[in-house]
Amino acid sequence: MKFAIMINEGPYTHQAADSAYLFARAVLAKGHEVTRVFFYHDGVNNATRLTVPPADDRHIVNRWSELAKAHDLDLVVCIAAAQRRGLMDENEAKRQGKDANNIAPGFRISGLGQLVEAGIQSDRLVVFGD
Amino acid sequence: MLHIINKSPFENNSLASCLRVAGAAKDHAILFIEDGVYGATQGTAVEKSVRDAMANMAVYALNPDLEARGVQGRVMNGVKLVDYDGFVDLVAEHDNVQSWL
């Protein structure tokens, strides 16, 4: 079965970012497909590679990058939510005249159309948030 | 439809809203996760409303989140416990999933 996942809460906030990750892993472990993980609102903060949690804490951003690499996941960050919160990739940084970008490996920036498409192309859409 | 509640009933009105909309309908189920699991415990002000809903719908709670809060021994009779595997199965079994954020 095809699952799409939406995350509306930032990392280290309450629990949604953790719940979504553990759910995604369980989906994959059961042999289902994760068609796309869409990060919206404060959820875009799960995608900054400048995140440095204490050494004894889980690394929420790297966890997603590693899961994406292992399972070829499509991690999509909403562009409008990302721009508001200072999250950008190389192209966007250039376009906005910024001196750096901060998107983590495995994530890409795109639009809300990707959420709609994921909803249409998946059997289930599960939302995690605040 | 599977309804997911992730906040305590003492923090916002998600559970009350969910029960008002879905409580009398057929083929609905509730899954409590995160702080929502307090809605599945005994002796609270919302116990009666959850118990009334259980007459019509199945009620589940995510066991790892109950254990994280130390309330796994206080779950209401009739609430079924699931782990993340069971969470995935519940989503698969229901045509639609509504997270009451």
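This briefing describes the strands, helices, core and chain contacts of the structure above. The model is predicted. Chain B holds 4 helices and 5 strands, and 11 of its residues are in contact with 17 residues of chain A. In chain A, strand β1 (residues 2–7) pairs with β2(A) and with β5(A).

**Chain B as a whole**

- Read along the sequence, the elements of chain B follow the pattern β-α-β-α-β-α-β-α-β.
- The radius of gyration of chain B is 12 Å, close to the 13 Å given by the globule rule for 101 residues, so chain B is as compact as a globular protein of that length.
- The C-alpha trace of chain B spans about 30 × 30 × 25 Å along its principal axes.
- Of the 101 residues in chain B, 41% are buried.
- Taking the contacts in chain B between residues at least 6 apart in sequence, 69% join residues at least 24 apart.

**Strand pairing in chain B**

- Strand β1 (residues 2–5) of chain B runs parallel to strand β2 (residues 29–32) of chain B, and 4 bridges join them.
- In this pair, B:I5 stands opposite B:F32 of β2(B).
- β2(B) also pairs with strand β3 (residues 58–62) of chain B, again in the parallel sense and over 4 bridges.
- Here B:I30 stands opposite B:V59 of β3(B).
- Together with helix α2 (residues 47–54) of chain B, the strands β2(B) and β3(B) make a right-handed β-α-β unit.

**The side of chain B that touches chain A**

- On this side, the elements that give two or more residues are α4 (84–93) and β5 (97–99) of chain B.
- The most comes from α4(B), which gives 6 residues.
- By residue type, this side of chain B divides into 8 nonpolar, 1 polar and 2 charged residues.

**Strand β1 of chain A and its neighbours**

- In strand β1 (residues 2–7) of chain A, 5 of the 6 residues are buried, so the strand is largely enclosed by the rest of the structure.
- β1(A) pairs with strand β2 (residues 33–39) of chain A in the parallel sense over 6 bridges.
- β1(A) also pairs in the parallel sense with strand β5 (residues 124–128) of chain A, over 5 bridges.
- A:I7 stands opposite A:F39 in β2(A) and opposite A:F128 in β5(A).
- β1(A), α1(A) and β2(A) make a right-handed β-α-β unit.

**The largest nonpolar core**

- This core has 67 residues, and the ones that touch the most other members are A:I5, A:F39 and A:V77.
- Helix α1 (residues 16–29) of chain A gives the most to the core, with 7 residues.
- Leaving aside residues up to four places away in sequence, A:I5 touches A:A20, A:F23, A:A24, A:V34, A:V37 and A:V126.

**An exposed loop residue in chain A**

- A:D99 is found in the loop between α4 (90–95) and β4 (107–110) of chain A.
- A:D99 has 5 other C-beta atoms within 10 Å; a residue counts as exposed at 12 or fewer, so A:D99 is exposed.

Key. Residues numbered from 1 in each chain as written. Chains lettered and ligands numbered in written order. Predicted model: local features only at pLDDT ≥ 70, side-chain atom pairs only at ≥ 80, totals over all residues. Contact = placed C-beta atoms within 7 Å. Nonpolar A, V, L, I, M, F, W, Y, C, P; charged D, E, K, R; others polar. Rg over C-alpha atoms; globule rule 2.2 N^0.38 Å. Buried ≥ 20, exposed ≤ 12 C-beta atoms within 10 Å, placed from the backbone. Core = buried A, V, L, I, M, F, W, Y, C linked by C-beta atoms within 7 Å. Pairing = 2+ DSSP bridges. Right-handed = clockwise from strand over helix to strand, strands pointing away.
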